[in-house]
Every structure is written in structure tokens, then in C-alpha cells.
Amino acid sequence: MSRVSGPWPPVDVEPPAAHPKAPAPGTDLGVHYDECFGCGDDVEAGLHLRSTVGEGNTVHSKFTVTPAHQGAPGLAHGGLLACAFDEALGSAVGNLLRRPAVTGKLETDFRRPVPVGSTLYIEARLDGTAGRKIYVSADGRLDAADGPIAVSARGLFVQVGFEHFSTHGDPQALDKLAEANRKNERTRGDEWEINP
Ligand SMILES: CCCCCCCCCCCC(=O)SCCNC(=O)CCNC(=O)[C@H](O)C(C)(C)COP(=O)(O)OP(=O)(O)OC[C@H]1O[C@@H](n2cnc3c(N)ncnc32)[C@H](O)[C@@H]1OP(=O)(O)O
């Protein structure tokens, strides 16, 4: 069976166009929500991804595997690795396009074991958009930006209105996030593309 599931993106796409107010290459993206399992500081056993904007519609993230992330003894759990890629891809979509979007589909290709103590260097890139559909992909390299690829992923994010989060999520938590965002230039609501 081929590792590659088909052409990517699977449909004709527009080339990705970063939002005019997207953070510049080199910008440290920080934490988008303290309680996020992917990046939040309040989640002790979370992944604590740290991300920086790269050149050419990319975001570079680092994820260090701890004993809390094990599946087999001494090795990262595949589901948590998929989570790291969801976060890295979502960070590329949210920060570069500034469109509210959720993961519709996430495909992962586990190519090498990822031991506890190792760091994945993930490069996520915008591949294109087709209406509300946003296609992204990423490679995660072991222990160095030019290390061997251990995991690759492809994702489809679907742009949604902000009501997706207020309807299905926790309004109090959203208020808390909005308050935090008011203190953070990069995530101000007036800089988002909100019309799906
Ligand atoms: C600074 C900030 C940082 C922000 C940094 C953020 C980082 C965090 C990242 C974590 C992100 C997450 O985990 S998000 C959480 C996990 N995901 C979710 O909970 C999403 C749950 N699913 C849904 O709510 C829904 O299914 C939606 C919104 C995805 C789609 O529903 P919808 O709005 O009714 O739209 P729908 O017509 O179904 O789909 C729209 C188009 O997408 C296509 N489509 C939808 N799903 C799929 C699919 N799985 N595979 C193929 N295609 C699909 C449809 O065919 C359609 O194509 P066409 O007919 O138009 O051609």
C-alpha cells in the first residue's frame, strides 16, 4: 500500500495568501490559549508546542516528547503526535490566514519511532484554499530542523464563523480568551477574516 493517499491538495486550489496583518517571519507566536492541550501553559501534561513564523507561508513548531506522552514504553503515543500536528497546522491557518477554522480531516504518516526526550521540529505550510476549505501539510523532523522526517501530516481545515465556538464551546472560556487576546496585538478580533 502506498504511503501517499493521493494528489495533494485533492482539489484545485487558490495559492495561499497570508493576511496583510499576519505576523512576519521570525515572529514568536506564543500561546494562543492557556488551556489548549497543544500549546497552553496551564496544561501540565500538554504538548507545550512553541511556534515561530517561517518564510513562505510556513510556521515552525517544536514539540519535546515527555514521559506523559508515551504509548509504548519510551516512545511517543501516535495520537499525541497527531495532536501536535493538529496544533502546528492550526497555528499556520490561524496565524497566517487569520481565519477562524477547525480541523475537518487530519491524515498522519508515522515514518519513524519518536522516543521520549526527543524533539520534533515541525514545519507546517499552507498549501492552498478552495472557498472555506484550507489545505495544509507538515513534516516533523527528529531532533533538528534538518533531521530525518519522523512524521508527516496533511490536513483540511474548514473556515467557520465565530458562532461555531460560542454555540458549541464554553462561552465563559471564550470571554476569558477574549480578555487575554485584548492584551495580545496578534490575536485582536478586528484583524480576523470573519466571513466564511
Ligand atoms: C491566532 C490563532 C491561533 C489559532 C491556533 C489554533 C490551533 C489549534 C488547532 C486545533 C484545531 C482543532 O482541533 S479543531 C477541533 C476538531 N474539529 C472539529 O471539532 C470540527 C468538527 N466538525 C465540524 O464542526 C463540521 O463538520 C465542519 C465545520 C468541519 C464542516 O461542517 P459545515 O460547516 O457544515 O460544512 P460542510 O459543508 O460539511 O463542509 C464544508 C466543505 O468541507 C468539506 N469537508 C468537510 N469535512 C471534510 C472531510 N472530513 N473530508 C473532506 N472534505 C470535508 C465538505 O465536503 C465541504 O466541501 P464543499 O462542498 O464546499 O466542496
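I take helices (H or I, at least four residues) and strands (E, at least two) as DSSP runs, numbered from the N terminus. I number residues from 1 along each chain as its sequence is written. The model is predicted, so local features need pLDDT of at least 70 and side-chain atom pairs count only at pLDDT 80 or more, while totals for chains, interfaces and linings use all residues.

I call a residue near a molecule or strand if its C-beta atom, placed from the backbone, lies within 6 Å of it. The ligand is surrounded by 19 residues, and G90, G94, V102, G104 and K105 are the closest. Two or more shell residues come from each of helix 1 (78-97), strand 3 (101-110) and strand 6 (149-159). I then sorted the shell by class: 10 polar, 5 charged and 4 nonpolar residues. Here Ala, Val, Leu, Ile, Met, Phe, Trp, Tyr, Cys and Pro count as nonpolar, Asp, Glu, Lys and Arg as charged, and the others, Gly among them, as polar.

**Chain**

I found 3 helices and 6 strands in the chain. Along the sequence they run β-β-α-β-β-β-β-α-α. I noted a box of roughly 45 × 40 × 30 Å around the C-alpha atoms, taken along the principal axes. Of the 196 residues, 30% count as buried. Buried means 20 or more other C-beta atoms within 10 Å of the residue's own, exposed 12 or fewer, and partly exposed in between, with C-beta atoms placed from the backbone.

**Nonpolar core**

I define a nonpolar core as a set of buried Ala, Val, Leu, Ile, Met, Phe, Trp, Tyr and Cys residues joined through C-beta atoms within 7 Å. The largest one has 35 residues, and A84, F85, A88, L89, A92, V93 and V136 touch the most other members. Strand 2 (58-64), helix 1, strand 4 (119-130), strand 5 (133-142) and strand 6 each supply at least two residues of this core. Helix 1 provides the largest share, 11 residues.

Leaving out residues up to four places away in sequence, V136 touches L89, A92, V93, A124, R125, L126, D127, G155 and F157.

**G30**

I placed G30 in the segment before strand 1 (50-53). Is G30 buried or partly exposed? G30 counts as partly exposed because it has 14 C-beta neighbours inside 10 Å. From G30 to G40 I read 9.2 Å, C-alpha to C-alpha, at a separation of 10 residues in sequence.

Technical notes: Contact = placed C-beta atoms within 7 Å.
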